[in-house]
Amino acid sequence: MNREILFPTPVYFKMVKDPKKMNKYLFPLIKAWSKKDKSVEKTNSGGGWHSPTNMNFKKEYKPLIDELFAMQEEIYKDYGMQPKPGLGNMWANINYPGSYNKQHLHPNSQWSGVYYVKVSKNSGRLFVEDPRPGASITLPRRVKGLPKALWHVVIYPAIEGQMIMFPSWLSHGVEINESKEKGEKGWRVSVSFNFIQIDK
Ligand SMILES: [Fe+2]
């Protein structure tokens, strides 16, 4: 018997060059921003602070933006896209203990993703769901131990310094932050973004 896997759903992940240095630099900037600007209300928000979405226009975040673009270039090669990516918008998230993000997708963009600045134990993992509507109508009983490509939901642990990128139409969410750490030690800090496709 032969088998083909059609319509794959790619999820890419990659560490930035120097995670410790990057996060030591980013954390105080985002923390200070959260004291200055009010949280932006979003339908998927379950508490926490969501920055304005103009982070891509702020010069101080260039070190991270450069890393994101380098990863997008790799994805463009791997996924056969051309000519080049553009950063549509970008924002920072602070999920305090008790906050989460309901499942959602990102309209009007090609690739979305997250970068982890700070996580603590049980501060919430990213989950992605089978995006095919038909596949969710009937969920057959199946044996345990199937390969990941056949799962209905896949969970990714949050790793400081890691970038994750996936198609913007892929439904995803973030578990509740159940950290027992006190104060900012229990925060889960991440940066989200949407990449579009541009001509020049
Ligand atoms: Fe999202």
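**Cavity and pockets in a predicted model**

Good morning. I begin with K77, which is found in helix 2, spanning residues 62–79. Please keep in mind that this is a predicted model. K77 counts as exposed because its relative accessibility is 73%, where exposed requires over 50%. Between K77 and R3 there are 26 Å in space, C-alpha to C-alpha, and the two are 74 residues apart in sequence.

The volume of the largest cavity is about 50 Å³. Its lining consists of S45, G47, G48, W49, H50, N93, N95 and N101. By class, seven of the lining residues are polar, one is nonpolar and none is charged.

The largest pocket has a volume of about 720 Å³. It is lined by 26 residues, and those closest to its centre are R132, K148, A149, L150 and W151. Strand 7 (126–129) and strand 8 (153–156) each supply at least two lining residues, and strand 8 gives the most, with three. Here the lining divides into 18 nonpolar, five charged and three polar residues.

The second largest pocket holds about 460 Å³ of space. Of its 25 lining residues, N44, H50, W91, H104 and H106 lie nearest the centre. Among the strands that each supply at least two residues to this lining are strand 4, strand 5 (100–104) and strand 11 (188–198). What is the make-up of this lining by class? It has 15 polar, eight nonpolar and two charged residues.

Thank you for your attention.

Terms used:
Residues numbered from 1 in each chain as written. Predicted model: local features only at pLDDT ≥ 70, side-chain atom pairs only at ≥ 80, totals over all residues. Heavy atoms only, no water. Helix = DSSP H or I, 4+ residues; strand = E, 2+ residues; numbered from the N terminus. Buried < 20%, exposed > 50% of the residue type's maximum accessible area, 1.4 Å probe, protein only. 1 Å grid on protein atoms, 1.4 Å probe; cavity = no way out; pocket = protein on both sides within 12 Å on 5 of 7 lines; lining within 4 Å. Points joined across faces, edges and corners; volume = space filled by probe spheres on them. Nonpolar A, V, L, I, M, F, W, Y, C, P; charged D, E, K, R; others polar.
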